[in-house]
Amino acid sequence: MEPAAIEQKDESAPAIRAGGVPVAFAIMLALIAAAPFVTYPLFVMQVLCFALFACAFNLLIGYVGLLSFGHALYFGWASYVCAHTAKVWGLPPELAILTGAAFACGCGIVAGSLAIRRQGIYFAMITLALAQMMYFFALQAKFTGGEDGIQGVPRGKMFGVLDLGNELVMYYVTAAIFLTGFLLIYRIIHSPFGEVLKAIRENEARAISLGYKTDRYKLMAFVLSATLAGVAGATKAIVLQQASLTDVNWPMSGEVVLIALLGGLGTLFGPVLGALIILAMQYKLSSFGEWVLVAQGAIFVLCVLLFRRGIVGEIANFFRIRL
Amino acid sequence: MSGKYVLETENLTKEFAGFVAVSDVNLKVERGTIHALIGPNGAGKTTCFNLLTKFLTPTRGTIKYNGQDITRLYPADIAQLGVVRSFQISAVFPHLSVLENVRIALQKKRGGSFDFWRPASVLNVYNERARSLISDVGLSAFENTLAVELPYGRKRALEIATTLALDPEMLLLDEPTAGMGHEDIDRIAALIKAVSANRTILMVEHNLSVVSNLSNKITVLTRGRVLAEGDYKTVSENPQVREAYMGTGHA
């Protein structure tokens, strides 16, 4: 073919540089390793659970462009199932967490199959409606304990050897679960599958015209996201030794949007930083009661108005790196 | 491949709530030609295009590709058969690099890419082919630039490189020179000419000098119907066409 040769007058912005991710990951790893000696392990464990939850949510919104407004369903229900199987069935924690995640996976297949038939706001509304249905089920069902939730979930021994009753052991197990989930998401994003997801996010009609059956890719991403949200919720049930209605209700679906948005949609580390900030704020401001919600609302508005890329997104953009 | 015609439609019709956008169109696209679809605004050209690539479902009529009835297939299936379309608005993946844009199409050779556990580096085998396609359209210096940062004309060049990555038998180009300046138009026209070897091209185009220079055959649509068909000379001398579309002034 005859090359259409043109003088290259490069007027575009500098290219994205590599190397941001390993540095950021090393920093995160160091902070996670040191955190229990600096602050309350229980607080950091919660942050890690929410961070994984937000990372799973971000896999959908940030890398496929799907806004799910019902992710509390997978987080909260995995938490119930995990708590129930650990407490009533006497399953060891690793199996209880897996059962919770498997349940979230099943819910993801059903809800995802229905929701991906629609786009945009309708997609979000279907995910919300299905999540609310399951919320009312959680409210009414016997085994969930209604308003009381499930209390006194035993932590047990992981793999029969790791005594999770020990706060530090519990902490590092939680950290390991978080890191496994985080790295899995990194792998998903940077896989042949992930490349197709990004193409769908960028221009779905074009992806179809290149021969991709985009619905199948979207469903797969939805199920992966729901399952990982389930892992986060189930782990939280073991950590806090309880499962409650809060985790399955719609404000939780909103909170995860806020966390991901504040940190930076479509960034690897954004949801982690977002979870840390939001949970720290809830913790520090807990004595002010409802004012936490006002502060969160203000942050939400500021994010949307001033830094739409989120904190990590703005940093990445400033240094022309990917984070 | 056999048969004189690559793509044939029979009584292709699309109605939108009582309004007939495309009516009884019998289009025959000959193998190895550049076939242009022209007509005034609202003539149904883009609708016709969307029907051919199944982005819309026809109300009536059939579409045959290489003799095979494709009327009931999904858009992604059409692409896999070798009919790939472009869009009126440039269809790139804005926040992927130029290389990544082309690679998405090359990646289709693997079949489905559901392997989320493999590193993306397995796709590096396509880099060489991607670079050669990128250089064919004159974008080598922009390999790592995000598509969104390219000027308009270059986005369209990238789009063509991406489309060619699939090595389609047939290309459907929806207004390939829309919104371009002179310099870009000439470049894209040369590119279309170059890629038409061994391929069949059906394009919707407003720029009549591009149409007259490139196309072997022209079909004129007005109000969803075929008004005239033939080479540029025949069509441009048709009084009905002159009246409906070109006025009388265009030479």
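**Reading the interface**

Modeller: Let us begin with a salt bridge, defined as a side-chain nitrogen of Lys or Arg within 4 Å of a carboxyl oxygen of Asp or Glu. Here B:E100 and A:R322 join their side chains in a salt bridge, at 3.9 Å from N to O. This is a predicted model, in which local features need pLDDT of at least 70 and side-chain atom pairs count only at pLDDT 80 or more, while totals for chains, interfaces and linings use all residues. Residues are numbered from 1 along each chain as its sequence is written, chains are lettered from A and ligands numbered from 1 in the order in which they are written, and side-chain values use heavy atoms, with hydrogens and water left out.

Colleague: How many salt bridges does the rule find across the interface of chain B and chain A?

Modeller: The rule finds three salt bridges there. A wider category is the polar contact, a pair of N or O atoms within 3.5 Å; within protein, one must be able to donate a hydrogen and the other to accept it, and residues adjacent in sequence count only if both atoms are side-chain atoms. Between chain B and chain A, 14 residue pairs are in polar contact, both residues at pLDDT 80 or more. On the side of chain B that touches chain A there are 30 nonpolar, 13 polar and 13 charged residues. In this division Ala, Val, Leu, Ile, Met, Phe, Trp, Tyr, Cys and Pro count as nonpolar, Asp, Glu, Lys and Arg as charged, and the others, Gly among them, as polar.

Colleague: What area do chain B and chain A bury between them?

Modeller: Buried area is the accessible area (1.4 Å probe) that two parts lose on being put together, summed over both. For chain B and chain A the figure is about 4000 Å², 64% of it on carbon and sulfur atoms. B:F93, B:F114 and B:F116 supply 18% of the area that chain B buries against chain A, more than any other three residues. In terms of contact (heavy atoms within 4.5 Å), 56 residues of chain B meet 40 residues of chain A.

**Reading burial**

Colleague: Which residues of helix 3 of chain B are buried?

Modeller: Buried means under 20% relative accessible area, exposed over 50%, and partly exposed in between (1.4 Å probe, protein chains only). Helices (H or I, at least four residues) and strands (E, at least two) are DSSP runs, numbered from the N terminus. In helix 3 of chain B, nine of its nine residues are buried, including B:V98, B:E100 and B:L106. These buried residues pack against helix 7 (192–202) of chain A together with helix 4 and helix 5 of chain B.

Colleague: Is A:R155 buried or exposed?

Modeller: A:R155 counts as buried, at 7% relative accessibility. The residue sits in the loop between helix 5 (120–140) and strand 1 (157–158) of chain A. The side chain of A:R155 comes to 3.2 Å from the backbone oxygen of A:L164, and a polar atom of that side chain lies 3.4 Å from the backbone oxygen of A:I238.

**Reading cysteines**

Colleague: How many disulfides are there over all chains?

Modeller: A disulfide is a pair of cysteine sulfur atoms within 2.5 Å, and the count over all chains is zero. For A:C105, the nearest cysteine sulfur is that of A:C107, 9.2 Å away. A:C105 is partly exposed, with a relative accessible area of 23%. For A:C303, the nearest cysteine sulfur belongs to A:C55, 16 Å away, and A:C303 is buried at 1% relative accessibility.
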